[in-house]
Amino acid sequence: MGKYFGTDGFRGEANVKLTVDHAFKVGRYVGWYYGRDHKAKIVIGKDTRRSSYMFEYALVAGLTASGADAYLLHVTTTPSVSYAVRTEDFDCGIMISASHNPFYDNGIKLLNGNGQKIEASIEERIEAYLDGDIEELPLATKEDIGRTIDFASGRNRYIGYLISIPSRDFKNIKVGLDCANGSSSAIAKSVFDALRAKTYVINNNPDGTNINTNCGSTHIEVLQRYVVDNGLDIGFAYDGDADRCIAVDHRGNIIDGDKIMYVCGKYLMEKGKLNGNTVVTTVMSNLGLYKALDREGMRYEQTAVGDKYVAENMLENNYSIGGEQSGHIIFSRYAATGDGILTSLMLMETCVEKKSTLCDLAKEMKVYPQLLRNVRVADKKEARENPAVVAAVNAAAEALGDDGRILVRESGTEPVIRVMVEAGTDDICREHVENVIRVMEAEGLVVE
C-alpha cells in the first residue's frame, strides 16, 4: 500500500483527499513518463459522478502539458478502458471512478499497456512527484503540446466486442439489469438488446449524485425484488464502474462472486477450457466454494484480498477464471481485468448451453455461514502476532477442523484487524470470533 495509491488506485473524497491538483500532477507525470521517447497516447474514461468531469479536465491538462495526446472515451466502464488500451496501442489507460463508493468520493485508476492495473513501481514514482520528491518536469511547448481527441468510437468497439463473445443469443430470456446509475448505463442494455434478450433496466438515469445510492451490486435487495415482482428469468447488478457483477436467480436468490466462479468454472472445465482445472480466489472466498470445487475435481489457488492480486496470479500461471466474492470476476480469455457485463454474459451462456436455470446451477454450492468483525487496534502487527491471540486463533482452527475456518488479517487501509470465521452455524461463528476479540481486549490491544 502506498501513501496515495491502494489496491484499486488513488481514491478518496473529491477535493478533500483527492483534489484537482493531484489529478493534474498525475497527468503531468504519466504524460512525461510514457512520452520520454515518443509521443505518448493515453486513453481516459470516467463514471457518472459529478466530480468525474472535473478530474477528467485536470488530467487532460496535465497530460497535454507534458506533451501526451489524451483520448476521451467519456462515460464508460473500467473494463472498456482496459480493452481500449490493449487493443488500440495506447501507452496507458486512466479510469476516473471510485467504483462502489458514494458519489462524493472519486478515484484515479491507472492501467498499463496490457490493460492491467499499473505496476506498483510506477505508482511509487507518481507518489514521489506528488510529494515534491522529484524535480519539476519539463513542460511541452509549440508543436510538442499534446492534443485532446474525442474517442467515443472506442466505447462502441468495446460494445461490439462484448456482443461477439457469447456462442448463442438470449432470445426471449427476461433479463433484469441494475446499472447503479453508473457507467454501465451507457452500455449494458445495448449489449443485451443486441443479443435478443427481453431487457428490463433499473437505475440507469445518472444525475451525478445518485451513483450507487440504494442501487447496484452493493444494494442487491433492490434487484432481488425487481426480478421476483416482474417474473424475470435472471438479473444482474453492477457497481459504479461496472467492473463487478452480482447476479440474482429467478427466485430472488443472490449469486455472489463465489457462486459465479463455481458455476462458470465448472462449465469451462466441462468444455475443456479451464486451464489447469484451477480457479483463483482470494482468502476471503467462502469455504463452501472450496468444498464444491473439491467435489468437482477442480483445483484452486488463494491470493491476498484484491482483484489486482488475482489478476497477477492468473497471468503468471495462465489460468482461465478467478475473482472475489464481491463480484470482481476475471475471464482471462476475454479480458485483463474484472468486467461485470462480461461476467453476466458468461453466466447467461452457461445457462443457455446447459439448458438450466441459474438457480439449479448455483444450488450445488452450499454457502457456509460467515461472520466478520473489524477490531480497531493500536498496532496491527503487534495485535496479530501477540502470543495469546495466536494461541486463541490456533485453538479455534483446531476446534473447527475441516468443517470451518478462521482467518485473522490486517486491514490494508485502516488500523483494524479483521477476524473472520466460517462454520456450520451462525452460533459457532459467533463463539470463535468473540473469543478471539476477548483475548485481544484482555491483552490491551483494542482501542475505542
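This is a predicted model: local features need pLDDT of at least 70, side-chain atom pairs count only at pLDDT 80 or more; totals for chains, interfaces and linings use all residues.
Just after helix 3, Asp89 takes a positive phi of about 65°.

**Helix 3 and its cover**

Helix 3 covers residues 78–87. Eight of its ten residues are buried, so the helix is largely enclosed by the rest of the structure. The buried residues are Thr78, Pro79, Ser80, Val81, Ser82, Tyr83, Ala84 and Val85. What lies over them? The cover includes strand 3 (41–46), strand 4 (69–75), strand 5 and strand 6. Helix 5 (152–164) is also part of this cover.

Ile94 stands opposite Leu110 in strand 6.

**Strand 11 and its two partners**

Strand 11 spans residues 245–249. Five of the five residues are buried, so this strand is largely enclosed by the rest of the structure. In a regular strand the side chains alternate between the two faces of the sheet. Which residues of strand 11 lie on each side? Cys245, Ala247 and Asp249 are on one side, with Ile246 and Val248 on the other. Both faces are covered.

Strand 11 pairs with strand 10 and with strand 12, as the table shows.

| Strand pair | Sense | Bridges |
|---|---|---|
| Strand 10 (residues 234–238) and strand 11 | antiparallel | five |
| Strand 11 and strand 12 (residues 254–255) | antiparallel | two |

Take the strand 10 side. Ala237 has Ile246 of strand 11 as its bridge partner. The hairpin of strand 10 and strand 11 has six residues between the strands, and Ala242 takes a positive phi near 60° there.

Now the strand 12 side. Ala247 stands opposite Ile255 in strand 12. Four residues lie between the strands in the hairpin of strand 11 and strand 12. In that hairpin, Gly252 takes a positive phi near 90°.

**Gly182, a buried loop residue**

Gly182 is found in the loop between strand 8 (174–178) and helix 6 (188–194). Is Gly182 buried or exposed? Its relative accessibility is 0%, so it counts as buried. Leaving aside neighbours within four places in sequence, Gly182 is in contact with Thr48, Ile211 and Gly240. Gly182 and Tyr238 are 56 residues apart in sequence. In space they are 8.3 Å apart, C-alpha to C-alpha.

**The whole chain**

The C-alpha trace spans about 70 × 60 × 40 Å along its principal axes.

How much of the chain is buried? Buried residues make up 57% of the 448 residues. Among contacts between residues at least 6 apart in sequence, 71% join residues at least 24 apart.

The chain exposes about 18,300 Å², and carbon and sulfur atoms supply 46% of that area. There are 51 positive and 64 negative charges, and their mean positions are 6 Å apart.

Conventions:
Residues are numbered from 1 along each chain as its sequence is written. Side-chain values use heavy atoms; hydrogens and water are left out. Buried means under 20% relative accessible area, exposed over 50%, partly exposed in between (1.4 Å probe, protein chains only). Contact means heavy atoms within 4.5 Å. Accessible areas come from the Shrake-Rupley method with a 1.4 Å probe; for residues, only the protein chains shown count as cover. Lys and Arg count as positive and Asp and Glu as negative; His and the chain ends are not counted. The place of a charge is taken as NZ of Lys, CZ of Arg, CG of Asp or CD of Glu. Two strands pair if DSSP finds at least two bridges between them.
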